Amino acid sequence: MFFFTASPAVNAKTADLAAWKTHSVYVAGDQVVYAAAIFEAKWWTRGDAPDAGNRDGPWLYIADYPSGQSGACDPDNPGDPVEPPSGPQPNPGGGYTMLKSELDAAETALTGSALFVEVKASIETRANVEVELIRAGAATNPENVLRVEQIFSEQQWLYIFPQRHPAYSYEKFLQAIGKFKGFCASYSDGRSSDAICRKSLATMFAHFTQETGGHDVNSPVEEWRQALVFVREAGCHENDSSCLYNAECSPDTWQGQQWPCGTRAGGGYQKYYGRGAKQLSYNYNYGPFSQAMYGDVSVLLQAPELVADTWLNIASAVFFYLYPASPKPSMLHVIDGTWQPNSHDLGLGIKAGFGATTNIINGGIECGQGYEKPQSVNRMAYYREHAAALNVPVDSSEELGCAGQKSFDTQGAGAMQIYWDQDWGYYPDMPEGKSFACKLVGYQTRHFALQTGDYQKCVRHYFDVDVVDN
């Protein structure tokens, strides 16, 4: 591929000027030729001139093309490597080309805030081949898994969750933890890693109990120990027409285009009802979770049952615990103190404590009512019990409920714009006045700013751009 910059052509032959406007390049023998055009030009090539067959080589400045002369630049004597022209460049085949390095640099700059850096660190994952080697008691387990094993043994697992579905095993629990480096991680800034881990487990277990618990007040097993009963949403089955959750599967919707639903053997779309400890639902949640787990949205869209039958049944809940849901902070950052309410949060009644995690999970229904809804009352009671079992002190000043908390909004301390959308601005110095850029937004789109590389995908989607390496 060749790029060139040129001053305005003066008295150029019509055919040559037309060719120049379409950025045609002629190759004759061993020479790169632009015939009889009267303009100043500088030529770059990539790889082995003149055919540029090596697209992974550096950009090379070849020569000035003399004004008013015909002939050829000599690609056998390239100069020093230089940067190719910046910004969108007309593509000989139509549209434009942009350099991957420039798009990557824009993504880095836009996601380089301290909060973005913290969040990216907390959601970092391990390869699945490493995760699947995790075994209870193995000395080779990752550091955060060893910490969890020391705090919460298999014997405790069996005691705390006696009514669990068989799919929820201690080994799968450890593998789910091991997938995420940020859960029960080591802190080097004075915060207690063990204390944060204990509180994270107590918080997550309390929400497990509400979301998948038996809630049987007549059972001989205390209600707080009735978690993880359901691995699939109650009343939903794999092999019948119940619980389809398929409204967003239509290819006419952007959700259906970005996260295309799989099809079942008998016809119809796969079913995306609630599965796992967090009851993951809908294709627009299965797709991003699949991307985080496999680097491929299609895996769980094609086989959603994996969220029920494998270590993903608990990993889906850890995923939800670690990821911020704009404009809400992540539950981890509430628990480990990374998130501290600002004056706006406090004005909405949102304070640090377990109650804020309920607001994150289901604030629109359970919070801000002026009294504690039954679900919130349950969560508070379950948290106290799980905290006691894990030796987590509960300070009398900690706000465990959310009756007085309004919903998080974009002015809060934890608000992040974590999706990419087209920058619709008019830029007179750019081709066609377009931005050839994307911007961060707070509403869900098809491009996720916490997924490295999605900025490039956004630019390619909204602008007629081919991305070239450099």
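**Labels and their cut-offs**

Mentor: Start with tyrosine 455, which counts as buried at 3% relative accessibility. The model is predicted, so local features need pLDDT of at least 70 and side-chain atom pairs count only at pLDDT 80 or more, while totals for chains, interfaces and linings use all residues. Residues are numbered from 1 along each chain as its sequence is written, and side-chain values use heavy atoms, with hydrogens and water left out.

Trainee: What makes tyrosine 455 buried?

Mentor: The cut-off does: buried means under 20% relative accessible area, exposed over 50%, partly exposed in between, with a 1.4 Å probe and protein chains only. Tyrosine 455 has 3%, so it counts as buried. Tryptophan 420 has 0% and is buried as well.

Trainee: Why is the pair of tryptophan 420 and tyrosine 455 called edge-to-face?

Mentor: Rings of Phe, Tyr and Trp (its six-membered ring) pair if their centres lie within 6.5 Å; planes under 30 degrees apart count as stacked, over 60 as edge-to-face and the rest as tilted. Here the centres are 4.9 Å apart and the planes stand at 75°, so the pair is edge-to-face. Tryptophan 420 is in strand β9 (residues 419-422) and tyrosine 455 in helix α18 (residues 454-462), so the pair ties together parts 35 residues apart in sequence. Helices (H or I, at least four residues) and strands (E, at least two) are DSSP runs, numbered from the N terminus.

Trainee: How many aromatic pairs does the rule give?

Mentor: The count is 24. One of them joins tyrosine 323 and phenylalanine 448, with 6.2 Å centre to centre and 20° between the planes, and it is stacked. Tyrosine 323 lies in the loop between α13 (312-322) and α14 (331-335), and phenylalanine 448 in strand β11 (residues 447-448), so this pair ties together parts 125 residues apart in sequence. Tyrosine 323 counts as buried at 13% relative accessibility, and phenylalanine 448 does at 18%.

Trainee: How do you know that β9 and β10 pair?

Mentor: Two strands pair if DSSP finds at least two bridges between them. β9 and β10 have four bridges, in the antiparallel sense. Tyrosine 419 stands opposite valine 441 in β10. The open sheet of three strands has the order β10-β9-β11, with antiparallel pairing.

Trainee: What makes β10 and β11 edge strands?

Mentor: Each pairs on one side only.

Trainee: And which strands does β8 pair with?

Mentor: β7 (residues 89-90) pairs with β8 in the antiparallel sense over two bridges. Strand β12 (residues 465-468) pairs with β8 in the parallel sense over four bridges. Threonine 97 stands opposite aspartate 466 in β12, and glutamine 89 stands opposite threonine 97.

Trainee: What makes both faces of β8 covered?

Mentor: Tyr96 and Met98 on one side, and Thr97 and Leu99 on the other, are all buried. In a regular strand the side chains alternate between the two faces of the sheet.

Trainee: Which residues of α3 are buried?

Mentor: In helix α3 (residues 114-122), Phe116, Val119 and Ser122 are buried. Seen down the axis, the buried residues of α3 fall within an arc of 130°, so they line one face of the helix. The arc is that of the directions from the helix axis to the C-beta atoms.

Trainee: How do you know that lysine 278 sits over the ring of phenylalanine 320?

Mentor: A charge sits over a ring if NZ of Lys or CZ of Arg is within 6 Å of the ring centre and within 35 degrees of the ring normal. The charged end of lysine 278 is 4.3 Å from the centre of the phenylalanine 320 ring. Arginine 275 lies over the face of tyrosine 273, at 4.0 Å from the ring centre.
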